[in-house]
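Dear colleague,

My notes on it follow directly after the structure itself.

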Amino acid sequence: MKIIAPSVLSADFARLTEQIQTVEKAGADWLHLDVMDGKFVPNISFGQPVLRSIRAVTALPLDVHLMIEDPGPYLESFAQSGANILTIHLEACVHLHRNIQQIKALGLQAGVAINPHTPVESLWPLLSDLDLVCLMSVNPGFGGQSFIPSTMNKLASLNRQREEHELAFRIEIDGGVDLQNAASLIQAGADVLVAGNSVFGQADAALAVRRFKAIL
């Protein structure tokens, strides 16, 4: 199953319930929530209170992307706030394997994200422990950026590694995903497409979701 995960960061927060329910009814599979601390990335977004509010108005799986330094102390609170998937950054963790095990012990799916400059091969020792690998296809911190083409090479390499070792993790692409590159990303092995401005930034978010679903 291929998944479209609209990114809440691009939604209108004054109409958040309405916008979330619109994309849910249109067929969105997950919601992607970017939590930013202003340290690991140069922006501050939202935290557990907003996550709890979103959990109360949707049945969709919540894909929570922690763009924060030293996420370990916060994992339990995000789990209690309604996350289904917790993704942490390789670059932000001193004890990454320990943090992955923490997430699994909380009963959640565990993901690891890597920034554009990080070699995908740095994930090889961890792949058997992961439910999700998130390839950042923009520099994290802000929405609306252009897709970095070299992500395609990372995606192909990661997909080969998954096939050769018969692993079951999903591959997620986050950043600059739109209707023009969605098909090529899926063909190259992506399972989850995070779409921000290309869904919530459109005049008709429901139509945008349906167009993505037609490609998937």
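**Aromatic and charged contacts**

The structure contains 1 aromatic pair. Please note that this is a predicted model. The pair is made by Phe13 and Phe46, whose rings are tilted, with 5.8 Å from centre to centre and 40° between the planes. Phe13 belongs to the loop between strand E1 (3-6) and helix H1 (16-26), while Phe46 belongs to the loop between strand E2 (31-36) and helix H2 (48-55); the pair therefore ties together parts that are 33 residues apart in sequence.

The two partners may also be described by their accessibility. Phe13 has a relative accessible area of 39% and is partly exposed. Phe46 has a relative accessibility of 10% and counts as buried, because the cut-off for a buried residue is under 20%.

A ring is also involved in a contact with a charge: the charged end of Arg162 sits over the ring of Phe169, at 5.6 Å from its centre.

**Helix H1**

Which residues of H1 are buried? They are Leu16, Gln19, Ile20, Val23 and Ala26. These residues cover an arc of only 130° around the axis and so lie on the same side of H1. In general, an α-helix has 3.6 residues a turn, so residues three or four places apart point the same way.

What do the buried residues of H1 pack against? Their partners are E1, E2 and H2, together with helix H7 (197-200) and helix H8 (205-215). E1 and H2 also flank the loops that hold Phe13 and Phe46, respectively. Just after H1, Gly27 adopts a positive phi of about 115°.

**The chain as a whole**

The secondary structure of the chain amounts to 8 helices and 8 strands. Along the principal axes, the C-alpha atoms fill a box of roughly 40 × 35 × 30 Å.

Of the 216 residues in the chain, 55% are buried. The accessible surface of the chain is about 9,200 Å², and 49% of this surface belongs to carbon and sulfur atoms. As for contacts between residues at least 6 apart in sequence, 64% of them join residues at least 24 apart.

With kind regards

Key
Residues numbered from 1 in each chain as written. Predicted model: local features only at pLDDT ≥ 70, side-chain atom pairs only at ≥ 80, totals over all residues. Heavy atoms only, no water. Phe/Tyr/Trp six-rings, centres within 6.5 Å; stacked < 30°, edge-to-face > 60°. Helix = DSSP H or I, 4+ residues; strand = E, 2+ residues; numbered from the N terminus. Buried < 20%, exposed > 50% of the residue type's maximum accessible area, 1.4 Å probe, protein only. Lys NZ or Arg CZ within 6 Å of the ring centre and 35° of its normal. Arc of directions from axis to C-beta. Contact = heavy atoms within 4.5 Å. Areas by Shrake-Rupley, 256 points an atom, 1.4 Å probe, with all protein chains shown as cover.
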